[in-house]
Amino acid sequence: MSKINEEVFLSIIIPVFNENETIKTCYHEINKKLEIYKSVLEIIFIDDGSSDNSVQILKELSQEDNRIKCIFLSRNFGKEAAMSAGINHTNGKYIVQIDCDLQDPPEIIPSMIETLEKNNCDVVYGIRTERAGESFVKRSTSYLFYKLIDKMSHIEIPRNTGDFRVMNKQVILALRELPETQRFMKGLFSWVGFKQIGFYYKRNKRIAGKTKFNYYKLWNFALEGITSFTNIPLKVATYIGFSISFIAFLISIFYLAKYFIIGDKIQGFLTLIVSILFMGGIQLMFLGILGEYLGRTYLETKRRPLYVIKEKINL
């Protein structure tokens, strides 16, 4: 990987997918709120295969301002891949990951950088005290997910955090060395280590448009996080399977003892059917868990690139 050019003080990574309603506002807000870094700032937009006119808007902005650098991926590879593309092309001393919808306010970035330098740390990650515009269901499921993965994983992943954070070049160089294609970036940010502290802030509503993360995508995102950073589901499958087998063995001994001691005949066709269906369901569930891990292993062994770049501007 190329070394980071320290002439750029601050690099801002912004993944884009069908955000034609927010791109210009995002650019102007960053310019306005980060004017103190105007001469040492680069803004890297990564278009993740947008089907609206996001590409055209980004090309127009990049012609007006050569600090805007654009990466256009050949198709939609997902936000984690787009973030990785941005990380691999940054030049700044400090790097910020932020979303185009401005739910994470850019005006607090100087305070986050000041916190990083004051505490001599490597990462300052945003901790949401409020999540405006998000439903109760989404907030609740997010809370349960991070609580679950915190209990299951040996890596501590901070709760109520997203991708919004400030990182120094040492962390970025470490992230560039990670080869996996099945990525859960929040986990990778924690996995690389270094000194990290939280920064509390209120998250805003989207400035326009709709979120691209529906519940199906969030479910797959949760599976990615769990299977990437813990093998406890496989262990649980083993323990439950052993426990059920042991209980079944004890029940068999009990009924055989009743038959030989008091002559009670073993009956219950319905009980037998229910038991078979129960065991079949358990087996299928655990086969599904095993399949999730096996499928991800299969994809990793192909060694395909994480993303394919169609075009670059100002890079």
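The accessible surface of the protein chain comes to about 17300 Å², and 59% of that belongs to carbon and sulfur atoms. This is a predicted model. The chain has 315 residues, of which 45% count as buried. Its secondary structure comes to 10 helices and eight strands. Among contacts with a separation of 6 or more, 85% are between residues 24 or more positions apart.

- Helix H2 covers residues 54–64.
- Its buried residues are Ser54, Ile57, Leu58, Leu61 and Ser62.
- Seen down the axis of H2, these buried residues fall within an arc of 130°, so they line one face of the helix.
- Gln63 and Glu64 are on the other side of H2, and they are exposed.
- What covers the buried residues of H2? The cover includes strands S1 (8–16), S2 (41–47), S3 (68–73) and S8 (309–313), along with helix H1 (23–33).

- The structure holds nine salt bridges.
- One of them joins Glu42 and Lys69, with the closest N and O atoms 2.7 Å apart.
- Glu42 lies in strand S2 and Lys69 in strand S3, so this pair ties together parts that are 27 residues apart in sequence.
- Are these two residues buried or exposed? Glu42 is buried, and Lys69 is buried too.

- Lys59 is in helix H2 and Glu311 is in strand S8, so the pair ties together parts that are 252 residues apart in sequence.
- Strand S8 is also part of what covers the buried residues of H2.
- Lys59 is partly exposed, with a relative accessible area of 26%.
- Glu311 is partly exposed as well, with a relative accessible area of 30%.

**A salt-bridge network**

- Asp99 forms a salt bridge with Lys79, and the closest N and O atoms are 2.9 Å apart.
- Where do the two partners sit? Asp99 is in the loop between S4 and H4, while Lys79 is in helix H3 (residues 79–87).
- The two are 20 residues apart, and the pair links distant parts of the chain.
- Asp99 has a relative accessible area of 13%, so it is buried; the cut-off for buried is under 20%.
- Lys79 has 22% relative accessibility, so it counts as partly exposed.
- Which residues make up the network of salt bridges? Lys79, Asp99, Asp104, Asp163 and Arg203 are linked in it.

- Strand S6 covers residues 161–168.
- Eight of its eight residues are buried, so S6 is largely enclosed by the rest of the structure.
- How many bridges join strand S4 (residues 92–97) to S6? There are four, and the two strands run antiparallel.
- Tyr94 stands opposite Asn168 in S6.
- In a regular strand, side chains alternate between the two faces of the sheet.

**Helix H4 and the residue after it**

- Helix H4 covers residues 109–118.
- Ile109, Pro110, Met112, Ile113, Thr115 and Leu116 are buried in this helix.
- Just after H4 comes Asn120, which takes a positive phi of about 50°.

- Ile247, Ile251, Phe254 and Tyr255 make a nonpolar surface patch of about 390 Å².
- Ile247 has its place in helix H9 (residues 232–262).
- With 46% relative accessibility, Ile247 counts as partly exposed.

- Leu173 has its place in helix H6 (residues 169–176).
- Leu173 is partly exposed, with a relative accessible area of 35%.
- How many residues lie between the positions of Leu173 and Asn88 in sequence, and what is their spacing in space? They are 85 residues apart in sequence and 8.5 Å apart in space, C-alpha to C-alpha.

Definitions and conventions
Residues are numbered from 1 along each chain as its sequence is written. This is a predicted model: local features need pLDDT of at least 70, side-chain atom pairs count only at pLDDT 80 or more; totals for chains, interfaces and linings use all residues. Side-chain values use heavy atoms; hydrogens and water are left out. Buried means under 20% relative accessible area, exposed over 50%, partly exposed in between (1.4 Å probe, protein chains only). The arc is that of the directions from the helix axis to the C-beta atoms. Contact means heavy atoms within 4.5 Å. Patches are made of residues with over 30% relative accessible area and no salt bridge: like charges are joined within 9 Å, nonpolar side chains (Val, Leu, Ile, Met, Phe, Trp, Tyr) within 5 Å. Accessible areas come from the Shrake-Rupley method with a 1.4 Å probe; for residues, only the protein chains shown count as cover. A salt bridge is a side-chain nitrogen of Lys or Arg within 4 Å of a carboxyl oxygen of Asp or Glu. Two strands pair if DSSP finds at least two bridges between them.
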